[in-house]
Amino acid sequence: MNTLETLCSLDTISVAKKLLGMELLMNGKTLGIIVETEAYLGVKDAACHTYQAKRTPKNEAMYLAAGHWYVYQIYGHQMLNFVTRAAEVPEAVLIRALELPTNNGNGPGKFTRICGIDKRFNAENLAESSLTLAIARTPIAIQSHARIGVTCGEPWKSRPLGFYVAGHAQVSKIRKTEITNQPWQ
């Protein structure tokens, strides 16, 4: 089973964890290593763009089959998401931070700007896109926290659906005391 087949066979929370340590590539060139993700669980998740089966031109890519990119803009920033479920089951994982050579990939708007990721990738199938994934590293540990910037009510606001490589310096809002020199196996 290849990387895409493996990801498309998992539930959304498992995909959010499995993406940690994967390379994000454009035209075969490594952009960075994924170090932080957030799971969005579709029509039941009050923080998700498809909550209560909301369907708009903006979120239409979430209704595609697993393995598609969902890219949207918020506050002038592009957000890169990986669609995780069967067609018409709108769930996805936000790629929140990358390990970049420049050490400034700790935010979804930052790394998409630096890497040139924008809405042209929206609704593209990973198997045919110039934006791809590859297995690269394995985290020593994965930790979770509430998703960042979620403004919906409980219980979704505080659910630990954000996942990150424990101790990695490029994780959003990590305390300096939590950073380790070697977060990878």
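**View 1. Burial of strand S4 in the predicted model.** Of the seven residues of S4, six are buried, leaving this strand mostly covered. S4 spans residues 77-83.

**View 2. Pairing of S3 with S4.** Strand S3 (69-74) runs antiparallel to S4, and six bridges join the pair.

**View 3. Pairing of S4 with S5.** S4 is also paired with S5, again in the antiparallel sense, here over three bridges. Val 83 has Ala 92 in S5 as its bridge partner. Strand S5 covers residues 92-99.

**View 4. The buried side of helix H3.** Helix H3 comprises residues 108-115, and its buried residues are Pro 108, Gly 109, Phe 111, Thr 112 and Cys 115. The cover over these buried residues includes strand S1 (22-26), S2, S4 and S5. After H3 comes Gly 116, with a positive phi near 75 degrees.

View 5. Thr 50 sits in the loop that links strand S2 (29-40) to strand S3. Thr 50 counts as buried because its relative accessibility is 0%, and the cut-off for buried is under 20%. A polar atom of the Thr 50 side chain is 3.0 Å from the backbone oxygen of Pro 90. Pro 90 is also among the contacts of Thr 50 beyond four places in sequence, together with Gly 42, Val 43, Asn 59, Met 62 and Tyr 63.

Notes
Residues are numbered from 1 along each chain as its sequence is written. This is a predicted model: local features need pLDDT of at least 70, side-chain atom pairs count only at pLDDT 80 or more; totals for chains, interfaces and linings use all residues. Side-chain values use heavy atoms; hydrogens and water are left out. Helices (H or I, at least four residues) and strands (E, at least two) are DSSP runs, numbered from the N terminus. Buried means under 20% relative accessible area, exposed over 50%, partly exposed in between (1.4 Å probe, protein chains only). A polar contact is a pair of N or O atoms within 3.5 Å; within protein, one must be able to donate a hydrogen and the other to accept it, and residues adjacent in sequence count only if both atoms are side-chain atoms. Contact means heavy atoms within 4.5 Å. Two strands pair if DSSP finds at least two bridges between them.
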